[in-house]
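Trainee: I would like to go through the terms used for this model and see what stands behind each of them.
Mentor: Go ahead, one term at a time.

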Amino acid sequence: MRTRATELFGVEHPIVQTGMGYVSDARLTAATAAAGGLGILSAGLLSYAELSAAIDAVRERTDRPFGVNVRADQPDVVQRIDLMARKGVKVASFALAPKPELIARCKDAGLVVVPSIGARRHAEKVAAWGADAVIVQGGEGGGHTGGVPTSLLLPQVCDAVDIVVIGAGGFFDGRGLVSALAYGADGIAMGTRFLLTKDSPVAQAVKEVYLGKTVDDTVLTTQIDGVPQRVLRGRTIEALERTSGPGRLLRAARNAVAFRKMSGTPYLDMVREGLAMRKAHGLSWSQVVMAANAPMLYRTALLEGRHDVGVMATGQVVGLIDDLPSSAELIDRIMTQATEVLRNLPDTHTGEA
């Protein structure tokens with residue numbers, strides 16, 4: 001199946017595996033790329049040296065195109081972009097919209113620029129700034145997300161911009177791919193569905209927890225970092241909702257210090273990133289402290305398997321997933337089903353299938 005997305009990314013299938021912190025590692029990214037999709041390595045929680053090593057690790061596993069998700073507000077983002085270009089990365093993916101000068105830097109380096117957006121006006125803005133494509137996530141999606149459902153947001157954006165559009169939020173099978181194409185999109189992006197594969201580094205016990213959830217077992221909360229995030233309901237979220245402001249901040253500060261020690265991130269860099277986040281999202285200082293706390297909450301659950309004391313981002317689609325295929329099996333299944341769905345659509349001239 002060829003679309004504008006497959007042409008732009010140089011991949012076989014119009015399927016993108018999103019960049020998820022602690023989830024989209026070298027193994028998952030390479031497995032997706034090798035299967036013909038666009039794998040995106042998450043670099044938001046990696047140091048510069050770790051990012052360099054992770055890119056090399058992907059390259060050791062596959063020669064297919066892949067992307068890296070970087071944070072536009074990181075102090076060394078320009079150096080990271082230059083590193084990606086030197087190492088032959090195809091796509092620069094952004095969760096926070098990059099400024100025009102950063103987009104220009106990426107394009108001058110030969111990178112395809114793909115910001116993620118949650119509103120039509122944001123898509124129009126980054127398109128005007130020179131972005132090559134957008135990942136459009138509706139409110140069903142996991143992690144940071146907006147309130148407009150994909151079924152309404154996606155056609156809005158497709159009508160508003162001429163660049164490549166990738167739908168995200170609620171997709172997990174071939175029917176979803178066909179529906180996104182019908183709205184005018186050029187492909188789909190999935191996070192939760194790729195998290196629940198054999199190639200994902202998430203602890204097996206945590207995957208089992210995800211598989212047992214329904215579409216009603218998620219919640220949209222601002223208690224993690226001040227910005228709305230969709231996560232699984234659980235003890236940690238309930239505790240955050242109940243805890244008073246001072247108690248919540250003390251716990252967040254402790255986790256932030258623990259993350260700094262574990263990652264080796266200098267305090268000055270953490271302060272700079274906090275200032276950038278405060279400016280970008282209009283956060284209070286207490287919310288900035290909470291944002292510094294978030295990485296430890298996710299790591300505790302996803303990698304250490306302590307789902308009872310950590311946080312697990314997820315889309316509502318978690319309630320429709322019941323198995324753990326490999327990335328290759330998943331992509332093959334989606335493409336096979338999409339082909340069957342298209343073949344079985346009624347003939348509009350005869351009314352027959």
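Trainee: Why is Cys 106 called buried?
Mentor: Buried means under 20% relative accessible area, exposed over 50%, and partly exposed in between, with a 1.4 Å probe and protein chains only. Cys 106 has a relative accessible area of 0%, so Cys 106 is buried. The model is predicted, so local features need pLDDT of at least 70 and side-chain atom pairs count only at pLDDT 80 or more, while totals for chains, interfaces and linings use all residues. Residues are numbered from 1 along each chain as its sequence is written, and side-chain values use heavy atoms, with hydrogens and water left out.

Trainee: What makes Cys 158 buried or exposed?
Mentor: The relative accessible area of Cys 158 is 15%, therefore Cys 158 is buried.

Trainee: How many disulfides does a search of the whole structure find?
Mentor: The search finds 0. A disulfide is a pair of cysteine sulfur atoms within 2.5 Å.

Trainee: Why does Ile 81 count as buried?
Mentor: Because its relative accessibility is 0%. Ile 81 is in helix H4; helices (H or I, at least four residues) and strands (E, at least two) are DSSP runs, numbered from the N terminus. Contact means heavy atoms within 4.5 Å. Leaving aside neighbours within four places in sequence, Ile 81 is in contact with Val 70, Ala 92, Phe 94, Leu 102, Arg 105, Cys 106 and Leu 111.

Trainee: How do you know that the length of helix H3 agrees with its number of residues?
Mentor: The expected span of a helix is 1.5 Å times one less than its number of residues. For the 14 residues of H3 (residues 48-61) that should give 20 Å, and the end C-alpha atoms are 20 Å apart, so the two agree.

Trainee: Which residues of H3 are buried, and what covers them?
Mentor: The buried residues are Leu 51, Ser 52, Ala 54, Ile 55, Ala 57 and Val 58. Their cover includes helix H2 (26-34), strand S2 (38-42), strand S3 (66-70) and helix H4 (77-86).

Trainee: What makes strand S8 mostly covered?
Mentor: In S8 (residues 164-168), 5 of its 5 residues are buried. Val 164, Ile 166 and Ala 168 lie on one side, Val 165 and Gly 167 on the other.

Trainee: How do you know which strands pair with S8?
Mentor: Two strands pair if DSSP finds at least two bridges between them. Strand S6 (residues 133-137) is joined to S8 by 5 bridges, running parallel, and Gln 137 stands opposite Ala 168. S8 also pairs with strand S9 (residues 187-190) in the parallel sense over 3 bridges, where Ala 168 stands opposite Ala 189.

Trainee: What is the hand of the β-α-β unit made by S8, helix H8 and S9?
Mentor: Right-handed, with H8 at residues 174-183. The term applies if, with the strands pointing away from the viewer, the path from the first strand over the helix to the second runs clockwise.

Trainee: Why does Arg 193 count as buried?
Mentor: Arg 193 has 2% relative accessibility, so it counts as buried. Its side chain reaches the backbone oxygen of Asp 323 at 2.8 Å.

Conventions:
A polar contact is a pair of N or O atoms within 3.5 Å; within protein, one must be able to donate a hydrogen and the other to accept it, and residues adjacent in sequence count only if both atoms are side-chain atoms.
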